[in-house]
Amino acid sequence: MLLPLKSLVLGGATIATLVTAQVDTQLTGTWTTKSRKVFTGPGFYDPVNEKMFEPPLTGFSYSFTDSGFYEVAYYRAGANPTDPKCTKGIIQWQHGKYQKASNGSLILNPITVDGRQLMSDPCAYGNSVYTRYQQQEVFKQYEVLVNPFDKAMRLNLYGWDGTPLNPMYLAYRPPQMLPTQTLNPTKTASAGASQSSGTTKTKRDVEGDHDGLVRDALSRNAMLKQSAYADRIWWLGVGLTALGGVGYFCF
């Protein structure tokens with residue numbers, strides 16, 4: 001049975017509203033933390049030559065598009081109080097699609113085969129550890145506002161448990177990003193495919209699957225150690241980031 005034209009128009013408008021509600025154009029652009037030394041895009045990761053570039057200072061950057069794509073770049077460092085020469089560093093890059101949930105949270109689903117991680121621990125390894133990396137991110141809430149001190153656009157993200165991250169400031173609009181499609185597809189991943197690490201676990205030729213984080217050696221020159229060690233460095237970085245966020249808002 002054919003529906004009246006008015007019903008079709010209203011139905012189409014409702015569907016369009018549901019689709020457009022999944023993104024927020026206020027987020028569009030490239031955002032970076034106070035150091036303003038970490039940015040998404042080709043200056044952070046070269047997918048053709050499989051190279052990651054270490055920024056001069058630590059920090060992180062998120063980019064978003066009007067069409068629901070995102071990219072993220074992280075650079076963390078952890079000092080060793082017993083041996084200053086043993087400073088650890090970790091660089092991470094991901095991209096994929098994001099959506100705004102009905103409860104106001106942000107869900108970032110990475111393209112599972114494209115994420116990269118470079119970990120450096122000079123006192124434990126002779127070489128840096130370069131691996132695949134993927135992790136879904138969930139932010140309980142966010143806010144875009146004008147910073148009262150310098151009038152710059154500011155983005156506040158809050159972790160899944162409500163813990164604030166260090167605030168970010170608008171650096172580029174339109175965003176500075178790599179292409180949004182799958183950059184290094186494998187035999188089992190088609191271009192543009194995106195899966196949630198919370199529901200997908202993949203085992204490849206090298207053991208590296210731990211709690212949904214897929215890490216594989218990328219070349220003969222890459223060195224892969226037990227992934228649980230990399231996880232400890234990751235959570236150290238998360239802790240430092242959370243502590244910095246709390247300090248920012250308290251002081």
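What is the relative accessible area of Cys123, and which class does that put Cys123 in?

A: The model is predicted. Cys123 has a relative accessible area of 45%, so Cys123 is partly exposed. To count as buried, a residue must be under 20%, and to count as exposed it must be over 50%. The value for Cys123 is 45%.

Now look at its partner. Cys123 is joined to Cys86 by a disulfide, with an S to S distance of 1.8 Å. A disulfide is a covalent bond between the sulfur atoms of two cysteines. The count for this model is one disulfide. The torsion about the S-S bond of Cys86 and Cys123 is about -85°, so this disulfide is left-handed. The link spans distant parts of the chain, since its two ends are 37 residues apart. Cys86 sits in the loop between S5 and strand S6 (88-100). Cys123 sits in the loop between strand S8 (116-120) and strand S9 (129-132). The two ends differ in cover. Cys86 has a relative accessible area of 6%, so Cys86 is buried, whereas Cys123 is partly exposed.

Strand S6 and strand S7 form a hairpin, with five residues between them. Gly104 lies in that turn and has a positive phi of about 90°. The two strands run antiparallel and are joined by five bridges.

Leu106, Leu108 and Pro110 point one way from the strand. Ile107 and Asn109 point the other way. S7 also pairs with S10, again in the antiparallel sense, over three bridges. There, Ile107 has Val138 of S10 as its bridge partner.

In soluble globular proteins, nonpolar side chains tend to be buried together. Here the largest nonpolar core has 18 residues. Leu106 is one of those that touch the most other members, along with Leu27, Tyr62, Phe64, Leu155 and Leu157. Five strands each supply at least two residues of this core: S4 (59-64), S5 (69-78), S7 (106-110), S10 (137-146) and S11 (153-159). Beyond its neighbours within four places in sequence, Leu106 contacts residues including Leu27, Tyr98, Val138, Phe139 and Leu157. Glu137 and Tyr142 are also among its contacts. Another core, of twelve residues, lies apart from this one, and Tyr45, Tyr75, Leu178 and Leu183 are among its members.

One more residue belongs in this picture. Gly159 lies in strand S11. Its relative accessible area is 11%, so Gly159 is buried. Leaving out residues up to four places away in sequence, Gly159 touches Val138, Phe139, Lys140 and Leu165. Val138 and Phe139 are also on the contact list of Leu106. Gly159 and Glu137 are 22 residues apart in sequence, yet 8.4 Å apart in space, C-alpha to C-alpha.

Finally, step back. The protein has two helices and 14 strands. Of its 251 residues, 44% are buried. Among contacts between residues at least 6 apart in sequence, 60% join residues at least 24 apart. The protein exposes about 13500 Å², and carbon and sulfur atoms supply 58% of that area.

Note on methods:
Residues numbered from 1 in each chain as written. Predicted model: local features only at pLDDT ≥ 70, side-chain atom pairs only at ≥ 80, totals over all residues. Heavy atoms only, no water. Core = buried A, V, L, I, M, F, W, Y, C linked by side-chain atoms within 4.5 Å. Buried < 20%, exposed > 50% of the residue type's maximum accessible area, 1.4 Å probe, protein only. Helix = DSSP H or I, 4+ residues; strand = E, 2+ residues; numbered from the N terminus. Contact = heavy atoms within 4.5 Å. Disulfide = S-S within 2.5 Å. Pairing = 2+ DSSP bridges. Areas by Shrake-Rupley, 256 points an atom, 1.4 Å probe, with all protein chains shown as cover.
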